[in-house]
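Reader: I keep hearing about salt bridges, and I'd like to learn how to read them. Could you walk me through some?

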Amino acid sequence: MTVAEDVHLNNGSKMVSQATPESRLTGGEADNSPHNQSNELLCQELPERHVILDFDGTRSKPYFSDHHGGENSALGARAAEDDLNSDVEAGKKQKEMTLEDMYRNDGALDDDDEDDSDWEPLKKQVEMVRWFCTNCTMLNVEDVFNCDICGEHRDSGILRHGFYASPFTQDMGAPSIEAEARELCEDHARSSAPSSSTVVGFDERMLLHSEVEMKSHPHPERADRLRAIAASLATAGIFPGRCRSLPVREITKEELQMVHSSEHIDAVELTSHMFSSYFTPDTYANEHSARAARIAAGLCADLASTIISGRSKNGFALVRPPGHHAGIKHAMGFCLHNNAAVAALAAQAAGAKKVLIVDWDVHHGNGTQEIFDGNKSVLYISLHRHEGGNFYPGTGAAHEVGTMGAEGYCVNIPWSRRGVGDNDYVFAFHHIVLPIASAFAPDFTIISAGFDAARGDPLGCCDVTPAGYAQMTHMLSALSGGKLLVILEGGYNLRSISSSAVAVIKVLLGEYPISEFVDLVPSKAGLRTVLEVLKIQMSYWPSLESIFWELQSQWGMFLVENRRKQIRKRRRLLVPIWWKWGRKSVLYHLLNGHLHVKTKR
């Protein structure tokens with residue numbers, strides 16, 4: 001019986017081998033299929049962002065028959081009565097035990113059960129192998145070679161060649177992949193603007209930050225995220241190659257104290273003396289996490305000062321752990337230190353007076369907003385899923401505009417649904433982000449570049465493509481004289497995050513986006529969000545007023561017609577059906593839009 005309880009994890013192949021007893025009654029099948037559990041887990045959002053961590057790989061439990069044979073001995077009526085009473089008590093006790101209790105306590109069954117002819121304990125041992133997808137971390141069963149969710153082959157070369165590796169076949173180490181990828185990049189680079197001075201911040205010690213004990217599912221914020229991006233850049237000959245590296249140093253405590261409280265800094269440092277620890281149920285740390293966080297923050301600070309000084313035109317911080325959820329006094333949402341905030345203050349220390357932070361991570365950067373709340377020298381603009389506060393972390397409503405005299409220096413664009421794609425993002429950039437940013441006239445621009453709004457991400461469930469990210473980067477590069485720093489935040493599908501990062505870095509190198517977004521048609525939900533934000537922010541940015549009324553005139557009927565349809569649908573639901581045949585039939589048809597009353601003018 002204990003064989004079914006033993007679950008072995010092979011870190012190298014990320015496969016789980018599980019021997020499941022097959023009994024006569026269960027047929028060796030679990031009540032909850034891992035296929036169904038994976039599909040249910042994908043794109044579900046929990047308030048504490050536990051979508052992946054709370055996965056439960058349920059497996060079948062053997063069923064035990066509780067038939068008991070009993071014989072009356074010749075000990076007399078009293079003895080027979082005692083035996084009967086003991087059998088009844090044993091039966092009650094047996095019924096009070098759950099299947100889990102019976103499963104874990106073999107010896108609780110009587111020896112007489114071995115003689116029961118109507119019970120087959122175990123026919124055979126079925127070896128079931130389950131594996132976690134390297135690309136999206138979803139669970140799959142043994143006889144499937146491609147992930148049921150994302151289609152990635154379980155032995156694909158995504159960690160070796162990045163997104164250039166085929167997702168459908170096993171990695172055979174073909175050198176042609178690198179040659180084709182580099183040739184494609186070089187051809188496009190020759191047809192584009194000359195490459196500018198672009199620096200990339202990266203250090204392998206950040207890969208040591210990991211969850212020590214894997215729970216029932218791999219943690220989405222894992223070292224493979226950086227490995228996949230680095231492999232993609234190397235395969236394309238971008239880094240190392242067209243981009244140069246930056247010397248690595250750890251951020252000092254004095255620099256961190258400009259952003260975080262001393263208590264928070266000490267709490268992060270304390271984890272270096274612990275084998276495993278957690279700040280929140282989903283924000284882990286091990287003995288290497290504090291150093292990884294210091295390296296990430298140090299790289300972001302030095303990238304900012306390097307760009308401001310003119311030694312580089314722009315840069316990309318390939319760092320982890322991410323940072324935009326980390327507030328003044330707390331770590332949360334996978335984040336330890338706020339890298340974007342550190343970079344903004346480093347840029348100001350190097351001479352920049354005004355800094356723009358654009359956060360396109362699918363989750364609101366509540367930490368960044370908190371740190372710069374009331375600061376008119378830093379403009380924070382965030383585009384994120386919000387859904388009325390029901391999407392993690394629940395902050396970032398449109399009416400959160402800043403406080404203490406800095407109203408309007410916090411701009412939240414909260415999407416009301418999942419599935420938001422390129423058109424809505426670029427539409428919001430044209431009508432909100434760029435007009436406000438141009439009026440602000442920043443000396444330095446930072447992108448908190450989470451790629452979890454990308455198509456295929458298991459947490460974000462949105463539909464932004466690499467072309468969409470490239471277009472947004474291109475639009476922001478026109479600000480602050482091209483002094484732009486992109487800092488990696490979230491993103492948990494390796495193929496999506498690596499292809500999006502490469503598309504962004506190509507723009508930093510001077511390449512023009514391949515796709516052009518013209519005649520954009522936003523979704524109805526996206527248009528409503530844009531109009532809502534414009535209506536609020538035009539009180540602080542006067543240039544938005546004309547944009548608001550222009551959109552209202554162009555798209556107003558589009559929304560009014562949709563609202564009329566919703567009202568008619570609501571009326572149909574509210575009017576009782578039996579009115580159709582009674583004295584209220586005229587009123588029924590009138591309320592349902594079947595009749596129209598003409599009025600004299």
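Author: Buried means under 20% relative accessible area, exposed means over 50%, and partly exposed lies in between (1.4 Å probe, protein chains only). One caution: this is a predicted model, where local features need pLDDT of at least 70 and side-chain atom pairs count only at pLDDT 80 or more, while totals for chains, interfaces and linings use all residues. Residues are numbered from 1 along each chain as its sequence is written, and side-chain values use heavy atoms, leaving out hydrogens and water.

Reader: Which residue forms a salt bridge with Glu255?

Author: A salt bridge is a side-chain nitrogen of Lys or Arg within 4 Å of a carboxyl oxygen of Asp or Glu. Here the partner is Arg249, with the closest N and O atoms 2.8 Å apart. Arg249 is partly exposed too, at 29%.

Reader: How many salt bridges does a search of the whole structure find?

Author: It finds 16. Among them, Glu387 and Arg385 meet at 2.3 Å, N to O.

Reader: Is Arg385 buried or exposed?

Author: Buried, with a relative accessible area of 0%. Glu387, on the other hand, is partly exposed at 22%.

Reader: What about Asp463 and Arg455?

Author: They form a salt bridge as well, and their closest N and O atoms are 2.5 Å apart. Asp463 is partly exposed at 28%, and so is Arg455 at 48%.

Reader: Which residues do shared partners join into one network?

Author: Glu250, Glu269, Arg291 and Arg294, through salt bridges that share partners.
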